[in-house]
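User: I am new to this structure. Could you show me how to read a few of its features?

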Amino acid sequence: MIKRLRRIYRRMKDLRIRTKLSVVLVGTMLIILGVNAFMYANINRFTRQMDEIYEGNVRLNELEDALIKLQGSITGYLNTKSTDSLDDYYRSVQSYKDLLDGLETDITDNKLKMMERSIYYMSKDYLVLASDIIEAKRGRNIEKYKASYEESEKIYRYINFYITSLNSYRFRANTESYKELSSAVNYLEILSMTMLILMVIFDIFLVILVTRNITKPLHELAKAADKVAGGKLDEVGLVKVHSKDEVGVVTIAFNQMVSSIPGYLSRLREGMKKEQMLKEKEILMEANLKEAQLKYLQAQINPHFLFNTLNAGTQLAMLEHADRTYEYIQNVAAFFRYNISENDEVTLAQEIEMVDTYIYILNVRFSGEIHFIKEIEDEELLRVRLPGMILQPLVENCINYGIRNIDREGLITLSVYGVDDFICISVADNGIGMSQELIHDIMDGSYQKKKVVDDSHKGNGVGINNVLERLRLYFNDRNEVEIISAGRDQGTEIVISVPKEI
């Protein structure tokens, strides 16, 4: 029983607050209704029993009154022989017969029921005599109605005696039953009062239990919240979850919040550090961009003066009808214009266009020795944006450190294709290749300015390092760069993979 009560208590704790209050209210109302129904049913039962106790006496009194009235109506008719007295007689007979039908006539050994049976049958004889008396009177048979009247008087007295005796016996018996019922009513009053007191005590206990179940977790939660508000996070432990109601849900959420605050503060500090690092990277990127621009601008002191000079040269070539010279100077001007532009971000199409311009200028310079091939998988891929001055330095490295001074025809291939969510840009040459040690030094940024390339060529490597750093900063380390070379005279391929959407 105790275990069952504990299970019920635990289930009550997990109910919602609205449900708990509803259970308390409905439970209290049901208890009050049950007590009232119990008292009402018992009072009705006792009332019916008390009515039944004296119902027999009332019926006997009515029977006795009807008998007296019947005897009086017979005497009245004999004295007056009027129509009214005869009607009165018939009404008295009918009333008396109706009352006789309520008497017990079964054969039994019960004394009271035996007396009722005697009264019934004596009354039947009496009614027969009464009818004979009336008929004899109406027939003027004086002898007959006098004899019948005397006989009826005897039976009347017997019946009256039996009715009086039976009434007395019933009254004594009913008195004992009344005492018992009175004691039962007193017991019912005591029982009802006891149940009412117990119900009040139970209700008080239930209200205290439910309110304590609600207010205790709230009090603990309020204390913990005060500590959090005061900044005492080290003193705040996890608040105990007492139930699964609304307070329990709030407590769980509060515990999760308190547990996540240190992590949030840590992430906030890390975010501030990252923000600081991003600012530093941005500054570094701008510096690297300026460095790349300065490296490839020969007119560092006054690029606009160089522009004006080149424009004057194109106009002069056009006036002299030197078309090839005009085209060459225009390409040179476009190349320098792109280099000194203030746009830090360009499309891949603009970068490839600049490579075409650069290759044209070099082929004019070296009489078409540089062979260049473009392989574009999809023109839509050229819409991706990336930092300026990325491809031209790579192509320049292919020319200076890959195909320059080889004993075969040099070839540079630029390929653009998509792989999953990345756009791959490949710049490959068929030159002298690179050692794995050199590739490793370039990728980890330890390549020095005067490092010997394959023990036969020298270069500065600034272009590649600058490109790698600016790509990393621009794409926030979401890009990939791979340098592939199978060895000496096997050529070199640089593959840049950038996300399709930034």
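This is a predicted model: local features need pLDDT of at least 70, side-chain atom pairs count only at pLDDT 80 or more; totals for chains, interfaces and linings use all residues.

User: Which residues of helix 11 are buried?

Analyst: An α-helix has 3.6 residues a turn, so residues three or four places apart point the same way. Helices are DSSP runs of H or I, at least four residues, numbered from the N terminus. Buried means under 20% relative accessible area, exposed over 50%, with a 1.4 Å probe and protein chains only. In helix 11 (residues 436–443), the buried residues are Leu438, Ile439, Asp441 and Ile442. They lie on the same side of helix 11, because their arc around the axis is only 165°, taken from the directions from the helix axis to the C-beta atoms. Exposed Gln436 and Glu437 sit on the face turned away from that buried side.

User: What comes just after helix 11?

Analyst: Glycine 445, with a positive phi of about 80°. Just after helix 9, serine 367 has a positive phi of about 60°.

User: How many disulfides are there?

Analyst: A disulfide is a covalent bond between the sulfur atoms of two cysteines. The search counts a pair of cysteine sulfur atoms within 2.5 Å, and over the whole structure it finds zero. Cysteine 398 is buried at 4% relative accessible area, and cysteine 424 is buried at 6%.

Conventions:
Residues are numbered from 1 along each chain as its sequence is written. Side-chain values use heavy atoms; hydrogens and water are left out. Helices (H or I, at least four residues) and strands (E, at least two) are DSSP runs, numbered from the N terminus.
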